[in-house]
Amino acid sequence: MNIALITGANRGLGFEIAQSLGRRGMHIILGVRDADKGRAALDTLGEQNITAECVSIDVSNSASIHAAAKTVAEQHQHLDVLVNNAGLLNDFGVTASALPLADLRASFETNFFGAFETTQAFLPLIRKSQAGRIVNMTSDLGSLTAMGDPEHMQYDAFAAGYQASKCALNVLTRQFAKELGDTAIKVNSASPGLCRTDMGGENAPLSVEEGAATAIWLATLDADGPTGCFFSSTLEGGEHPW
Ligand SMILES: NC(=O)c1ccc[n+]([C@@H]2O[C@H](COP(=O)([O-])OP(=O)(O)OC[C@H]3O[C@@H](n4cnc5c(N)ncnc54)[C@H](OP(=O)(O)O)[C@@H]3O)[C@@H](O)[C@H]2O)c1
């Protein structure tokens, strides 16, 4: 049975991705930082006969990441899917000149360093998979092309910390994909588009199901699927300019 770990999986897109991969027959490991929220999410999966468990992981905390990797490695022989989904948006609408350095650092701790360290920590177990898949949840807001294109819907956005951290996350996609190019492991970035979650707000154009679709597709790619690519949300479709 394929095993998938999704960080930030107790709500929003992470939960939707977990639920959908579970419905496809994968064993789900919900990465959560709050045990009560994890239990509630686990109950919902259990009602659908999805086999699942929780692991405690705060991706802004190295000790937590390595403890989670140890726990999972003690219980499982391989990890087939890692979705680096946990994310923080704390500066939407804030101009770069007004952005507190602490907020910029917080964005990077979760969105970039967190995904980096989680990938490193779980890679030995992913290497034991027949066909490992790593999906980095990025954003259209992390696209340098979009930032420079007045025609792009995100051109006017100000969120320098979040945008820089997602742009840097895309570098990890390229670099891990290149390093792992001669293995069966595929590494891609998925942008969900603006979705109706706590982060995206209730007026966002996409449902969680629509937003999760790209990540689910990348988590279940065939052997001839792409690696080292940046795919946009279902709203726009196709590859996204970096
Ligand atoms: N929604 C959108 O429109 C949109 C657009 C583009 C990209 N994205 C990306 O998609 C991903 C999911 O977004 P979402 O809308 O589902 O966000 P959300 O509703 O705000 O949920 C965020 C999830 O991440 C977890 N999390 C935050 N910081 C964490 C940390 N340090 N360690 C572990 N877990 C942490 C949260 O856990 P708690 O419940 O414990 O707080 C929660 O489960 C994020 O990477 C986001 O940047 C979202």
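Helix α1 contributes 3 residues to the lining of the largest pocket, the largest share of that lining. Helices are DSSP runs of H or I of at least four residues and strands are runs of E of at least two, both numbered from the N terminus. The structure is a predicted model, in which local features need pLDDT of at least 70, side-chain atom pairs count only at pLDDT 80 or more, and totals for chains, interfaces and linings use all residues. Residues are numbered from 1 along each chain as its sequence is written, and side-chain values use heavy atoms, with hydrogens and water left out.

The largest pocket holds about 1000 Å³ of space. Of its 39 lining residues, Asn85, Gly87, Leu88, Thr197 and Met199 are the closest to the centre. At least two lining residues come from each of α1, β2 (27-32) and α6. A pocket is defined on a 1 Å grid over the protein atoms alone as an open set of points where a 1.4 Å probe fits, with protein on both sides within 12 Å along at least five of seven lines; lining residues have an atom within 4 Å of a point.

The ligand takes up the space of this largest pocket. Around the ligand are 28 residues, the closest being Arg11, Asn85, Tyr162, Cys195 and Thr197; a residue counts as near if one of its heavy atoms lies within 4 Å. Both α1 (12-23) and α6 (160-179) supply at least two residues of this shell.

A polar backbone atom of valine 59 lies 2.9 Å from a ligand nitrogen atom. Of the 900 Å² that the ligand exposes when taken alone, the protein buries 95%, with accessible areas from the Shrake-Rupley method and a 1.4 Å probe.

How values were computed: Polar contact = N/O pair within 3.5 Å; in protein donor to acceptor, adjacent residues only side chain to side chain. Sits in = over half its atoms within 2 Å of the grid points. Points joined across faces, edges and corners; volume = space filled by probe spheres on them.
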